Amino acid sequence: MSAPADTPNDTLYAEDRTDQSDPAVRAAQEERLRAVWKPPSGLFLRWTDVNNNRVGVWYTLTAFAFMLFAGVLALVMRTQLAVPENDLVSANTFNQLFTLHGSMMMFLFAVPMFEAVSIILLPQLLGARDLPFPRLSAFGYWSFLLGGVFVGGSIFFNAAPDGGWFMYPPLTTRTDLSGLGADIWMLGLSFIEVSSVAAAVELIVGVLKCRPPGMRLNLMPLYAWYILVVAVMILFAFPPLIAGDVLFEMERLLGWPFFDASKGGDPLLWQHLFWIFGHPEVYIVFLPSIALFAMMIPTFAQRHLLGYPWIVLAAVGTAFLSFGLWVHHMFATGLPKISLAFFSAASEAVAIPTGVQIFAFIATLWAGKVKWSTPLLYAVGSLAIFTIGGLTGVMVAVAPFDWQAHDTYFVVAHLHYVLIGGTLLPLFGGLYYYWPLVTGKRLSDRIGRTAFWVMFVGANLAFMPMHLSGLEGMPRRVFTYPAALGIGGLNMASTLGAFLFASGVLMVCIDLALSPTRAKAPRNPWAAGTLEWLARPDDENWGIRSVPLIETRYPIWDQPDFVRKVDEGRFFLPDAPEMRRETIITSVIDARPIQVARLGTPSVVPMLTAISLGSVFILTTYHLYWAALVGGVVTLACVLYWLWTGTAEIPEKPAKSIGHGITVLLYLSGPSASGWWAMFITMMADATAFSGLVFGYYFFWTVHADFPPPDAMGPGVFWPMTALALTAAGWGATVAARDIHASGRVGPARVLLAVALVATLGSAVAGLAGPWTTGLDPKSHVYPAIVWTLAIWTAVHAGIGGIAQAYTLARSLAGKMTPAYDADLRNITVYLHFLLFTGIVAYATIGLFPGAAS
């Protein structure tokens, strides 16, 4: 179904004539909203709720707990390094400590924390009832929790990974040199990456499709812009690491030699795939902190933020440049000079958009009437620390200096200045700023300011000396050092600073623990101008009273009687007469209302899906492949049940009124629908992961003059081209089925879907037949290994495509899909588009590449 035609603003948003000031009308509406959004009763059932507030709070608390645990690991390391030749822990234990500390801080705290906070804040900022896929958020949380406990808990069994948070081969891929910890790291964090991508899909669609009417892209809060940019970065940064994880585990579990130089592999491939993720990761965790500044600074300057368009462009520019910097982590690997020059220049250039954002914040404070507060103190202090980290970042971007400082404690100091100033302290500032919004209670200014100064002094005392110890020659990742090196005093200072910083964190924890005993905070205690502060501390889970019309970036400040009109339900969707959880879906560019979406309700299915998927990764770690296969089948069953019962529901009526005389559809399909966008975004992440595998094939070709080897027997031309032809046939039949079905000819569309199913599954068989019939041995050389990998990846995706086609056919036969309600068919067509792209690239590479068909 298509959306209703646009209507000019002056008639679309006429004043509502309903007497919403009548207390009886308002009370009845609020009672219905309260009943709809009420969480389930009972301790266990409450955990099945998928409301953004509840899931976001669980997410945030879990990420905070992982951060505290990783911090304790760091304190043990600093105690070991406080004096020379210490024997508090063994070398093996120390390796586990620093590997787990770095892995948990990056994968289990920095990224999940911003996703968790965004799940709470975005609906409030956008005036939405909830994000578009609340069950997906819940699935992401449970995946994160299970994966985090699996990885973090390994240290209690002396089985934690010990190869560094970067896990460089060949040390980590050789099972005789590394134990089970490498598999725990790889498979556990791969599971966690699934949750990160799921959250990215939720956040992107939420920002693009759940804005309130009138909130055009140029009126979005900067927090929403930053989260949109960062979520898109996740789509392009995490999948290359997933591709590397696939190659890594296939070498460890199956002996396929992707990183074994004796069989044509190359350990540098892992470094490329890891740092294509690893350097954008720094900005993925930094930009959400800048987003918090963008919300706090206008509030405490009591004026609009200066340079809004420039800040948006700078955020986009930072994201773009961050993907061109990964090789600056590899300056010491012997790369060509032209590569060094290019990546060195790019590494320095990224300071420009970063500086634009920081100077815009400073200018806003300069132009406003600043009200100093605890959150602002954290913001300004963190900028000071981050600037020091940025300056040392420019230093290590210069290749000759990097050659001297590489793998020394100078780099450790640089990294921690960036992460503490760019991530940790801003999050504490955001915690003090938004705690009244989440709990209705303010934290203590006295404790908060004391904690800040303790952490500020502790951070500088801990990490400033590391610059000197690094320049004195102390290498990274050593569990002790000789007294003759003369750096015992510097290390003792760093250890004292670490414990001082930890004391400040402990003060914040005490403050949080004491907050329930304090009185309720007033509504909007900071006198902010953005939408999230419409919420009242005593509100129920349905958020703001009515979805407002937005005309400015700071509506609480600028729109007359705005708060009163929202509270009286004078805007949109002030009621829930059908007793359903609903939110308004708007157009991407100008935020015109086009649909009322029915949202997911409390369900145990996301939890069960996460548990069953987690079992696949965990059981594979212990080589229990048959049990892992059973877990995969259960996961598939859970996903199909989830989709069958919780998506693409045919509504009881085609449209409903949202107020102001506006009626919008209850069902959308195609590019206007949230589900279509979710499929498209997911496929972008999938295509990026696939591109990482293809990158591996051509990387081997560029670094080895004899790739493919002269005596290699390729998969031939016949089977790859047959597979490609069948893939194209399955795609063409699906597209034709979509168009014929939309015209009302359901029977022929079903026949075409059945034909598409046969062709797609046939392409999977043909794709595997090429390397199988030619006897390619993936253990003998990297060429057959990468050929098999591309063939398996494409065949698996064809199998998933076949399942999707069968599912859609079943929905049609069951009467759950009609020509007017065809979201299932339109969404799987998006998947088939990407499957065709995958097939073209994969089969052309392995079947037509020079030498591949010999």
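**Note on a predicted model**

1. Strands β1 (residues 582-586) and β2 are joined by five bridges and run antiparallel. The model is a predicted one. I584 stands opposite V596 of β2. The two strands make a hairpin with six residues between them, and in the turn A591 has a positive phi of about 55°.

2. Strand β2 covers residues 593-598, and six of its six residues are buried.

3. Seven cavities of 30 Å³ or more turn up in a search of the whole structure. By class, the lining of the largest cavity has nine nonpolar, three polar and one charged residues.

4. Salt bridges number 25 in the structure. One of them links the side chains of E31 and R34, at 3.2 Å from N to O. Both residues lie in helix α2 (residues 23-37), three residues apart, which is about one turn of the helix. E31 counts as partly exposed because its relative accessibility is 45%; R34, at 29%, also counts as partly exposed.

5. A salt bridge also joins D567 and R523 (2.7 Å, N to O). D567 is in helix α19 (residues 562-567) and R523 is in the loop between α17 (488-514) and α18 (555-558), so the pair ties together parts 44 residues apart in sequence. D567 is buried, since its relative accessible area is 13%, while R523, at 26% relative accessibility, is partly exposed.

How values were computed. Residues numbered from 1 in each chain as written. Predicted model: local features only at pLDDT ≥ 70, side-chain atom pairs only at ≥ 80, totals over all residues. Heavy atoms only, no water. 1 Å grid on protein atoms, 1.4 Å probe; cavity = no way out; pocket = protein on both sides within 12 Å on 5 of 7 lines; lining within 4 Å. Points joined across faces, edges and corners; volume = space filled by probe spheres on them. Nonpolar A, V, L, I, M, F, W, Y, C, P; charged D, E, K, R; others polar. Buried < 20%, exposed > 50% of the residue type's maximum accessible area, 1.4 Å probe, protein only. Helix = DSSP H or I, 4+ residues; strand = E, 2+ residues; numbered from the N terminus. Pairing = 2+ DSSP bridges. Salt bridge = Lys/Arg side-chain N within 4 Å of Asp/Glu carboxyl O.
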